[in-house]
Amino acid sequence: MTTDPALPTYPAGLRLAGRKVVVVGGGNVAQRRLPALIAAGARAHVVSPHVTPAIEGLVGSGEVSWAPRGFEAADLDDAWYVVAATGDPAVNEQVGRAAEERRTFCVRSDDADRATALTPAVGRHAGLVVAVLGERPGDRDPRRSAGVRDEVVEGLREGRLAARHHRRRTPGVVLVGGGPGDPELLSVAARKALMEADVVVADRLAPREALGDLPADVELVDVAKLPRGRSAAQEEINRVIVERALAGKRVVRFKGGDSFVFGRGYEEVLACREAGVPVTVVPGLASPIAVPGLAGIPVTHRGVAHAFTVVSGHLPPGHPDSLVDWDALARLRGTVVLMMAVQNAAAIAATLVTGGRAPGTPVAVVCDGTMPTQRTVLSTLGKLGDDIEAEQVRAPAIVVVGEVVAVAHPDHYS
Ligand SMILES: C[S@@+](CC[C@H](N)C(=O)[O-])C[C@H]1O[C@@H](n2cnc3c(N)ncnc32)[C@H](O)[C@@H]1O
């Protein structure tokens, strides 16, 4: 029987577990096909005088069997599926004919138009198999199929393709850290969580551009518009996320950086737990590391800093509510990374100098990380207060104190 390559193909998924599959050929094509056959549980049998070292390894580990000789039609007895993957079209033709006689489907590496089965470009994501085939001879461009496969799988991974209306969404809250601001720095898991949300409760510092991609039916709650005042706002956020989740919604609490780095994320975890609402966490790139990194400043460097300490500067040294031991901090030799510290930077710098740090210690203030207005103000502990004023530094900013700043900017400190 002849195969008419112009007719449409009939896509199917084969269950090959425990079934004999014969791969004729032992080169690179066979090597590429075998892992998927093994993963599907097939009893893969290779027929070829020679095989690649990788296939030899699979034989050695007992994952495939090998007949080290040329092809014989009887090799296909009892086979459910055949892969003709030799470099010789005449042998592949012979394999194809023997398969046809046995009513066994056969793919051919050399000529898809003469094969009874086609190997699609395959990708997998979250329980879905994406298989792309060129329909007719002119459409069978393996690069195009692989490109489409990659686009689809990437879209699923990044949450751009979510098939929302067909997915069962579990009610609950996901705390998503959005990184320092640029949506490109969102994790794949963060994007996916956003695309699966019914409600997104977003902070001012969350990468808001990412919200533009949300489907139109997602409810967006802007935290900046909730009641003013630190505790009132937090109580309202807790109330909103718990209430929506109890109403059966999937809620994403979307913040800048990481939810657990001065993000009050754990208060939200506790509120959810108290209300019996399932809560999970997607960590984000935290600004104390990411923002200096974006500005080309490492927080550690071999032979320079063996430690870095992240400190909130929202309360000045000596404030009765401060939980920071500023004297101990001054005695540490590593990098100090200050957050929320613009207002109190002068007082903090003075305390660090009084505690033992040299006034010439390099300091970098990285403002508006990832935003078009991002800039770095270079200073020293001794001059920090004046420089912040002169440069009109405003929040958000990360202050990096230590020799790592000089490592990144040797000319400035020489
Ligand atoms: C309330 S804290 C939240 C931190 C956040 N959870 C994180 O992990 O990055 C806000 C502070 O983070 C720092 N910050 C956050 N994003 C920043 C950015 N893009 N550029 C500079 N500093 C940033 C600033 O020190 C700001 O005052």
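**A parallel sheet and the ligand shell**

Colleague: Which residue stands opposite Val174 in S11?

Modeller: Val174 faces Val252 there. This is a predicted model, where local features need pLDDT of at least 70, side-chain atom pairs count only at pLDDT 80 or more, and totals for chains, interfaces and linings use all residues. Residues are numbered from 1 along each chain as its sequence is written.

Colleague: What joins strand S8 to strand S11?

Modeller: Six bridges link S8 (residues 172-177) with S11 (residues 250-255), running parallel. Pairing takes at least two bridges found by DSSP, so these strands qualify. Strands are DSSP runs (E, at least two residues), as are helices (H or I, at least four), numbered from the N terminus.

Colleague: In what order do the five strands form the open sheet?

Modeller: The order is S10-S9-S11-S8-S12, with parallel pairing. S10 (219-222) and S12 (279-282) each have a single partner strand, so one side of each lacks a neighbour in the sheet.

Colleague: What lies across S8, S11 and S12?

Modeller: Helix H7 (residues 265-274) does, at about 175° to S8. Such angles run from 0 to 180 degrees between N-to-C directions, with axes fitted to C-alpha atoms, for helices over the stretch in contact (C-beta atoms, placed from the backbone, within 7 Å).

Colleague: Why does the ligand lie between domain 3 and domain 4?

Modeller: Both domain 3 (164-282) and domain 4 (289-413) give residues to its shell, so the ligand lies between them. The bounds come from an automatic or database domain assignment.

Conventions
Two residues are in contact if their C-beta atoms, placed from the backbone, lie within 7 Å.
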